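Morning, everyone. I have one structure to go through today, so please have a look at it while I talk.

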Amino acid sequence: MPQPVVLIAEELSPATIDALGPEFDVRHIDGSDREALLAALADAHAVLIRSATKMDAEAIAAAPRLKVIARAGVGLDNVDIKTATAAGVMVVNAPTSNIVSAAELTIGHILSLARRIPAAHASLAAGQWKRSAYTGVELFEKTVGIIGLGRIGALIAARLQAFGMNVVAYDPYVTSARAQQLGVQLLSLDELLQQSDFITIHMPKTPETTGMISTEQFSLMKPSAYIVNVARGGLIDEDALYTALTTGEIAGAGLDVFTSEPPADGGTARRLLDLPNIIVTPHLGASTDEAQEKAGVSVARSVRLALGGELVPDAVNVAGGVIDPYVRPGIPLVEKLGQIFSALAHSPLTSLDIEVHGELSQYDVSVLKLAALKGVFTNIVSESVSYVNAPLLAEQRGIESRLIVDDQSDEYRNVITLRGALSDGSQLSVSGTLTGTKQIEKLVGINDYAVELPIEQHHIVMLYTDRPGIVAVYGQKFGEAGINIAGMQIARRAAGGQALSVLTVDSPVADEVLDEVRSAIQADLFRQIEITES
């Protein structure tokens, strides 16, 4: 019997080949040579890539035997995940391979800013001896603010505590108990910006976090403060950063990532490179020998699992393994319920029950617990979330999770509910189901308010006192802003009580419009939900 063909499309470490083992026909190809790549994919069961090989719709169509695309790294910008999923091709990456490297690069930027190392080196290399021109500051007893206290943020906290720094953090999804374990004080974002001498940002890039550090935030910072971003380009508004650096509003910045990479001529990022009080590196967060080797070995193991028909923990689009066809459609539904849950949560999550009701109770549904946790963390942590690290992320945050299964479902064949306790003592629940021959994903409940609405990319959830004219008020406000309401469900428990309204809209809504609507209807709960496709 011929061996499965594994295509190595870019240079990977010898340890990667060793991790694959002898059971495969390993072939090497230059993934940047498009013609050669498409020809080689015709026989491939798996392809291992880094960042130069584009696995787009054309490449996937050229690979009828393909089972898995493995990216030896974290980012997946060069993989068409949606097309791969439709073709039944698993996509895996190495989400934990670079966390130490990224944390250490952050420390390097902070030290370089504090002691002005790059500028001093350049001056001395040019034949100058200007000791007094490069006087720096100590880290000892200074305050560092970490925006995003995930795994990378926690590593940075531990390392900077060793320098004798006071560590504070902003992360709306981390409990005070978890922060206390790390020896970190939780603050609001404004408080962190006002108190910190050094600030480092480690958030995921979402519509809510893009540009989260802008003109208003820079105005709160000390004139002596420094800010570092090695996480995602665009978290810091580059125009506002340029102004803050050139007017003396802050002392300096360190950037490893940019909105456009490489920075385009004529753009703000390119102008930033010319400033004397900024330190830049060309996206080196994962560029260490150790991180590259970890990434290659990790995805090689995932390829072995995938081609062996076993559960693949690092799969980003499907769980893999022996999962019953009746259970599999529930995986993306539950991931989306997790995203809705985290968007509606107004304080950190402390425990989560994943309740599976109905005919699904007859099957092994353990993967749905993993899918729920993956969905909950997808848009709230900086690192990639997978089936293997989602439980770890929950454990790190002190979140207990349980899978509860029974055969009782009154209105639908199956209902899946995520029910969680929040740190302020409140509870939150969201429920969903699959309906019809097309298995339409529907949201059917929020906090025991019954709705039935197909899950789409953009939703708005509002809770307000039920009274005449409210629908007309928010309908008019959204209409005036050019926002089309594609669907709507309203639920209430009693006339004159509170009403829950869930809208489906065709596009994201600007913050100022949301604030105006929230004020106009005096909403008790008001959230915009953006669903990220796996």
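I'll begin with charge. The protein carries 40 positive and 63 negative side chains. How far apart do the centres of the two sets lie? They are 2 Å apart. Keep in mind that this is a predicted model.

Next, the overall build. The protein contains 18 helices and 22 strands. Along the principal axes, its C-alpha atoms fill a box of roughly 80 × 70 × 45 Å.

Of the 534 residues, 51% are buried.

What about contacts along the chain? If we take contacts between residues at least 6 apart in sequence, 64% of them join residues at least 24 apart.

In soluble globular proteins, nonpolar side chains tend to be buried together. Here the largest nonpolar core has 48 residues. Which of them touch the most other members? Those are Leu 368, Phe 377 and Leu 418.

Take Leu 418 as an example. Leaving out residues up to four places away in sequence, Leu 418 touches, among others, Val 334, Leu 337, Phe 341, Leu 352, Ile 354, Ala 372, Leu 428 and Val 430. The list also includes Gly 338, Asp 353 and Ser 429.

There is also a second, separate core of 30 residues, including Leu 235, Ile 236, Ala 244 and Phe 258.

That's it from me.

How values were computed. Residues numbered from 1 in each chain as written. Heavy atoms only, no water. Helix = DSSP H or I, 4+ residues; strand = E, 2+ residues; numbered from the N terminus. Buried < 20%, exposed > 50% of the residue type's maximum accessible area, 1.4 Å probe, protein only. Contact = heavy atoms within 4.5 Å. Lys, Arg positive; Asp, Glu negative; His and termini not counted. Charge placed at Lys NZ, Arg CZ, Asp CG, Glu CD. Core = buried A, V, L, I, M, F, W, Y, C linked by side-chain atoms within 4.5 Å.
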